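The following note sets out, point by point, what may be read from the coordinates of this entry. Please consult the sequence and structure alongside each paragraph.

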Number of protein chains: 2
Amino acid sequence: MKKAIILLSGGLDSATTLYYAKNQGYQTSCLIFDYGQRHRREIQQAIKIAKASHSDYKIVKINLPWQGSALLDKKIALPRNRQNIPKGIPVTYVPARNIIFLSFAASYAEAAGAQTIFIGANAIDYSGYPDCRPNFYQAYQKVLNLGLKAGVEGKTIRVKTPLIRKTKASIIRLGLRLSVPYHLTWSCYQGGARPCGVCDSCILREKGFEEVGRR
Amino acid sequence: MKKAIILLSGGLDSATTLYYAKNQGYQTSCLIFDYGQRHRREIQQAIKIAKASHSDYKIVKINLPWQGSALLDKKIALPRNRQNIPKGIPVTYVPARNIIFLSFAASYAEAAGAQTIFIGANAIDYSGYPDCRPNFYQAYQKVLNLGLKAGVEGKTIRVKTPLIRKTKASIIRLGLRLSVPYHLTWSCYQGGARPCGVCDSCILREKGFEEVGRR
């Protein structure tokens, strides 16, 4: 059975990606990061989603000894928006986050003999993070082709981004068809007892569910 | 003053790279990894080298919850060679090691406002690791250009590999000119009280010092 590593945050995009990969016939291993995020609630949700999908999972703890993001530093206020996400890269950007996550996924894939890495990156209904855009993933693929033993030996490890050009609504429609347990997903950056409703992540989620006629 | 992040292992290549960067006028911040390496002696040596060079340093602890390398798993024997390193990628290869190290360096550089990352990768007197070769670094540069906020904003963070095409002897000659404290460097993969003399790393070191007429 073909194996895949899934980067699983606990949010709705990565949960949909996990179920997409399962539906494609992959044996799925989830990689969950505890990187000091203020919304560390998502970690517990990611574990529940991995279990619900009958995937195994590993948690990698990353202690970044520097700051530079509102997601790592509670002293920086999160942007509060009403409807649309402003253009530009917001203060929630974490320096090199997906670059770091993918590097661990590459290591895990190679050690586990998986040929594929799935990441739920999206460049349509997103916060403008540069490491969510298609050309970044094309460049990253080349790094894996050239930098891994697997690549040199002709067993390329591929990074797949099935959601990258979908709207949030079409991601949710796909997920509903695949029976993604969206009640288990967590999106809010604040990470309080209930979603704040005003951070980028809450707004994008709400917009998506509204567009498909669910709340 | 221009700032640089230096990937510092405690070995002679990275120590030379650190002094090279200082000589080029950079304010140097060293990044040291505690990644479960069997030769963790090198970490203490890296700290001494950072201090000797009057650089600041940060240690990142990485707990890889998978194996796949003789440097992480003491049950796998290290290759014992007599003179030359055999062709091919040896069991000491750590899946995606430099990809992971560079990803943290990119995050640190961006958070600290450094424009340059130095890594002492070498593709001449080396163990055949694919993430030490020039075309890998060209590909990685593109990832940083496209995936970082700094890249998008036109403040590209550059990865420099000043030793990549040098022989071990010419690296040591350069280091001697720059007064690198080679007595503080540690190369042996075994990480015992004394260098084993038969691992790839010991052999390459000895060959280099012999060629410059020092032992």
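1. Helices (H or I, at least four residues) and strands (E, at least two) are DSSP runs, numbered from the N terminus. The expected span of a helix is 1.5 Å times one less than its number of residues. This is a predicted model, in which local features need pLDDT of at least 70 and side-chain atom pairs count only at pLDDT 80 or more, while totals for chains, interfaces and linings use all residues. Residues are numbered from 1 along each chain as its sequence is written, and chains are lettered from A and ligands numbered from 1 in the order in which they are written.

2. Helix H7 (residues 200-211) of chain A comprises twelve residues and reaches 17 Å from its first C-alpha to its last, close to the 16 Å expected at 1.5 Å a residue. A residue is termed buried if 20 or more other C-beta atoms lie within 10 Å of its own, exposed if 12 or fewer, and partly exposed in between, with C-beta atoms placed from the backbone. In H7(A) the buried residues are Asp200(A), Ser201(A), Ile203(A), Leu204(A), Arg205(A) and Gly208(A). These buried residues of H7(A) pack against helix H1 (12-23) and helix H6 (168-177) of chain A; contact here requires C-beta atoms, placed from the backbone, to lie within 7 Å. Gly213(A), with a positive phi near 80°, follows H7(A).

3. Chain A as a whole contains seven helices and five strands, arranged along the sequence as β-α-β-α-β-α-β-α-α-β-α-α. Its radius of gyration (over C-alpha atoms) is 16 Å, close to the 17 Å that the globule rule (2.2 Å times the number of residues to the power 0.38) gives for 215 residues, so chain A is as compact as a globular protein of that length. The C-alpha trace of chain A spans about 50 × 40 × 30 Å along its principal axes. Of the 215 residues of chain A, 50% are buried. Among contacts in chain A with a separation of 6 or more, 72% join residues 24 or more positions apart.

4. The contact between the chains takes 38 residues from chain B and 38 residues from chain A. On the side of chain B that touches chain A, strand S3 (56-61), helix H3 (97-112), helix H4 (134-147) and helix H5 (149-152) of chain B each supply at least two residues. The largest share of that side, eleven residues, comes from H3(B).

5. Ala96(A) has a positive phi of about 65° and lies in the loop between strand S3 (56-61) and helix H3 (97-112) of chain A. Ala96(A) is buried, with 30 other C-beta atoms within 10 Å. Ser179(B) has a positive phi near 60° and sits in the loop between helix H6 (168-177) and helix H7 (200-211) of chain B. Ser179(B) counts as exposed, with 11 C-beta neighbours inside 10 Å.

How values were computed: Two residues are in contact if their C-beta atoms, placed from the backbone, lie within 7 Å.
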